[in-house]
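Reader: I would like to learn how to read helix packing and ring pairs from a model. Please take me through some cases.

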Amino acid sequence: RGLAARKKVLGEDYVDKAFANADAFSKDLQEYLTEHAWGASWGRPGGLDFKTRSMINLAMISALNRPHELEIHLRGALRNGVSRDEIKEILLQVAVYCGAPAAVDGFRTAKKVFAEAHAKG
């Protein structure tokens, strides 16, 4: 269940690469994330849909100032149907409750992801 959810949100290529790049040190982390974050949380039946979960994640990851993870989850959010306007509103909300620096980094990262998505068509 976790692997299916993770591949749906982040894309099969990304997940396959994450496991392929895992070594003896990081393999357990990949398995832990897949089972707990993706299986026990994202893969829960009922409740929140993937679009809503993506929107919540964008806000939390922005608040934590984790631009690498934000970039990954922005791609997933777009894949889950979150619009650019919705992403903008989420990041504006981050500005109010988490501060301008977090929002500035979020907008910067979103612009990068949007440009990549536009280039791919």
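**Contacts, helices and rings**

Author: Leaving aside neighbours within four places in sequence, Arg6 touches Gly11, Val15, Ala18, Phe19, Gln30, Thr34 and Trp38. Keep in mind that the model is a predicted one.

Reader: Where is Arg6 found, and is Arg6 buried or exposed?

Author: Arg6 is found in helix α1, residues 2–10. Arg6 is buried because its relative accessible area is 4%, and buried means under 20%.

Reader: How far apart are Arg6 and Thr34, in sequence and in space?

Author: The two are 28 residues apart in sequence, and their C-alpha atoms are 6.9 Å apart in space.

Reader: How do I read the packing of two helices?

Author: Two packed helices are described by the angle between their axes and the distance between the axes. In this model, α1 and α2 pack at about 120°, and their axes are 6 Å apart. The two helices α1 and α2 are therefore oblique to each other. On the α1 side the contact is made by Leu3, Arg6, Lys7 and Leu10, and on the α2 side by Glu12, Tyr14, Val15, Asp16, Ala18 and Phe19.

Reader: At what angle do α1 and α5 pack?

Author: The angle between α1 and α5 is about 90°, with 7 Å between the axes. Angles of 65 to 115 degrees count as roughly perpendicular, so α1 and α5 are roughly perpendicular to each other. Here Lys8, Val9 and Leu10 in α1 meet Ile72, His73, Gly76 and Arg79 in α5.

Reader: Which residues of α5 are buried, and which helices do they pack against?

Author: The buried residues of α5 are Leu70, Glu71, Ile72, His73, Leu74, Gly76 and Ala77. They pack against α1, α2 (12–20), α3, α4, α6 and α7.

Reader: What does the span of α5 come to?

Author: At 1.5 Å a residue, the 13 residues of α5 should span 18 Å, and the end C-alpha atoms are 18 Å apart, which agrees. After α5 comes Gly81, with a positive phi near 90°.

Reader: How does α6 compare with its expected span?

Author: Helix α6, residues 84–98, has 15 residues and reaches 20 Å from its first C-alpha to its last, close to the 21 Å expected at 1.5 Å a residue.

Reader: Which residues of α6 are buried, and which are exposed on the other side?

Author: In α6, Ile87, Ile90, Leu91 and Val94 are buried. These four cover an arc of only 95° around the axis, which puts them on the same side of α6. Asp85 and Val96, on the other side, are exposed. The buried residues of α6 pack against α4 (50–63), α5 (67–79) and α7 (100–120). Just after α6, Gly99 takes a positive phi of about 105°.

Reader: Which residue other than glycine has a positive phi?

Author: Asn65 is such a case, with phi near 55°. Asn65 is found in the loop between α4 and α5. Asn65 counts as partly exposed because its relative accessibility is 38%.

Reader: How do I read a pair of aromatic rings?

Author: A pair of aromatic rings is described by the distance of the centres and the angle of the planes. A search of the whole structure finds two aromatic pairs. One of them, Trp38 with Trp42, is stacked, at 4.8 Å centre to centre with 25° between the planes. Because Trp38 and Trp42 are four residues apart in helix α3 (residues 27–42), about one helical turn separates them. The rings of Trp42 and Phe50 have centres 5.4 Å apart and planes at 85°, so that pair is edge-to-face.

Definitions and conventions
Residues numbered from 1 in each chain as written. Predicted model: local features only at pLDDT ≥ 70, side-chain atom pairs only at ≥ 80, totals over all residues. Heavy atoms only, no water. Expected span 1.5 Å × (residues − 1). Buried < 20%, exposed > 50% of the residue type's maximum accessible area, 1.4 Å probe, protein only. Arc of directions from axis to C-beta. Contact = heavy atoms within 4.5 Å. Phe/Tyr/Trp six-rings, centres within 6.5 Å; stacked < 30°, edge-to-face > 60°. Axes fitted to C-alpha atoms, helices over the stretch in contact; angles between N-to-C directions. Parallel < 35°, antiparallel > 145°, perpendicular 65-115°, else oblique.
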